[in-house]
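Welcome! Have a look at it first, and then read on.

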Amino acid sequence: MLGSIYALVALGYTMVYGILGLINFAHGEVVMIGSMIAISVVVTIGTGSGLPGPVVVLAGVGIAIPACMLLGALLERVAYRPLRDAPRLTALITAIGMSIVLQNLAMIVWGRQYISFPPLLPSEPHAVLGATVTGTQVIIVMLTLALMGALLLLIHRTRLGRAMRATSQSPALAGLMGVDVNRIILFTFMIGSALAAVAGVMIAGYYGQAHYHMGFMLGLKAFTAAVLGGIGNVSGAMLGGLALGVIESLGAGYIGALTGGFLGSHYQDVFAFAVLILVLVFRPSGLLGERVAERA
Amino acid sequence: MTAPETLLSVQGISKAFGGVQALSGVSISVARGSVYGLIGPNGAGKTTLFNVITGLIAPDAGCCTLDGRRLTGEPVHRVVQMGIARTFQNIRLFHQMSALENVMVGMHARSRTGALGAILRTRTVREEEARLEADAHALLERVGVEAHANDPAGSLPYGLQRRLEIARALASRPNMVALDEPAAGMNASETASLRELIVGLRDGGTTVLLIEHDVRLVMGLCDRVAVLDHGQLIAEGVPAQVQADPAVIEAYLGAPAAEPGARAAGRPH
């Protein structure tokens, strides 16, 4: 559940890394802004319009997606493209800078307080095979799987996806084949941002609130998921996200029992970073990766 | 016989890398439908000229036009769209993609599907994809790589990788294809079938610009030949004329110090 959100965000990290070799640390902020915009839309039209909840949320998603795509495109054009040929560290620092800029921008626009997501989605629990799930959770998982399927289809079955894969292997050569590399890179950012927008709405709906600082931790965890799966590898990001979600939930559930009550479930964040460290030490190429050494 | 129409015109190209003058004032014109050979000792500037023509590097002076349209200054992908495709001296394939996909990437310039269409998978998009795939199979068939269509390009043997590169270059349906040492490392029978392939291209109306060290191949195949030495054009004409030129014999064919056949290992210019 949480894992599917990580997976969607991790895809954005991994696609950009696959093509540019850049860790776009501002990606978590794109998710946050997606959340914020969706909540604003939902609150504006949701109160008193009498529309059914899911329709209102859908409208929020429908506006958050293009807004985030625009934001992603803007990031690429303004912040990263001028640094395409600069040393990699420069671009990385710029990414961190953009992340701070976006956080502060969000703070100015939406304020410092938590913004709550109106309870528009079904939240009554159902028992399925001994587990307790809500309708919202089911929707999130289904939607994530559908988006992943669509993305894999796009990457492996279309002209555009072929151009993306070619560009990620060698931008110079792809250019010589008639591929407009700048457009492909822009498009990659936009797809990643669209997925981020969906993840942003999901996370707002799931926790019922959003905050200008939420993108930071989420971004780090999604980055962990991308590394766990093998950064640059799209299927890896999906797997890594889902795996990280499971590890975190199980870890949070059992940590009390394991430590005799010494540590509680609020230590759940520890697991993500323990995973990051273990992966980096023992298998830096990730679960499905094999090209890190050559890339890094 | 009427004067043949010029397809590619290279005018006064100069290019220096640091203190090395790789090309100085080179001008050639390639007639439509001909096979044009570019020869010269290693380091003469042949590949540099290829790189200038295909937009990979910007010349210090001079310009190139194709069919009267200016190539110089256009981004690389536009040059391909305007009708020049090339292969590389040191093979450059998308190693992790299948042979078929390599060819299909080569078709990028001539297919139209935009981002939206690709996402929505409209009928025209699916039809175009199917057509491209059929064309790609036909091209692989033509160069003899069809049996390996679904193998990763990186896993193919050397000779087939060269052929795959040619198929990929042809995939954009170029007016002109520029082949950078296509016979390098090929044995006699492979060279013979390469020769047939090039003749077939010319007969099909494609202009061929050829860098090649195999002098017999060049002299037997090309309609005209240009000789570069130290970045300068030292001779140009029909093969017999060039072969007899004393400057060429001195610089390239007959110079006792320089072995024409010896090739500095994979040296990119």
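Predicted model: local features only at pLDDT ≥ 70, side-chain atom pairs only at ≥ 80, totals over all residues.

- Strand E2 of chain A covers residues 125-128, and strand E3 of chain A covers residues 131-134.
- These two strands pair in the antiparallel sense, over four bridges.

**Two helices side by side in chain A**
- Two packed helices are described by the angle between their axes and the distance between the axes.
- For helix H5 (residues 135-157) and helix H8 (residues 181-207) of chain A, the axes come within 11 Å and cross at roughly 170°.
- That angle is over 145 degrees, so H5(A) and H8(A) are roughly antiparallel to each other.
- On the H5(A) side, the contact is made by A:Thr136, A:Ile140 and A:Leu147.
- H8(A) brings A:Leu195, A:Val198, A:Met202, A:Gly205 and A:Tyr206 to this contact.
- By class, the residues of the contact are six nonpolar, two polar and no charged.

**Where chain B meets chain A**
- In chain B, 23 residues are in contact with 19 residues of chain A.
- Helix H2 (76-82), helix H3 (99-106) and helix H4 (115-120) of chain B are the elements that give two or more residues to the side touching chain A.
- That side of chain B has 10 nonpolar, nine polar and four charged residues.

Conventions: Residues numbered from 1 in each chain as written. Chains lettered and ligands numbered in written order. Contact = placed C-beta atoms within 7 Å. Nonpolar A, V, L, I, M, F, W, Y, C, P; charged D, E, K, R; others polar. Axes fitted to C-alpha atoms, helices over the stretch in contact; angles between N-to-C directions. Parallel < 35°, antiparallel > 145°, perpendicular 65-115°, else oblique. Pairing = 2+ DSSP bridges.
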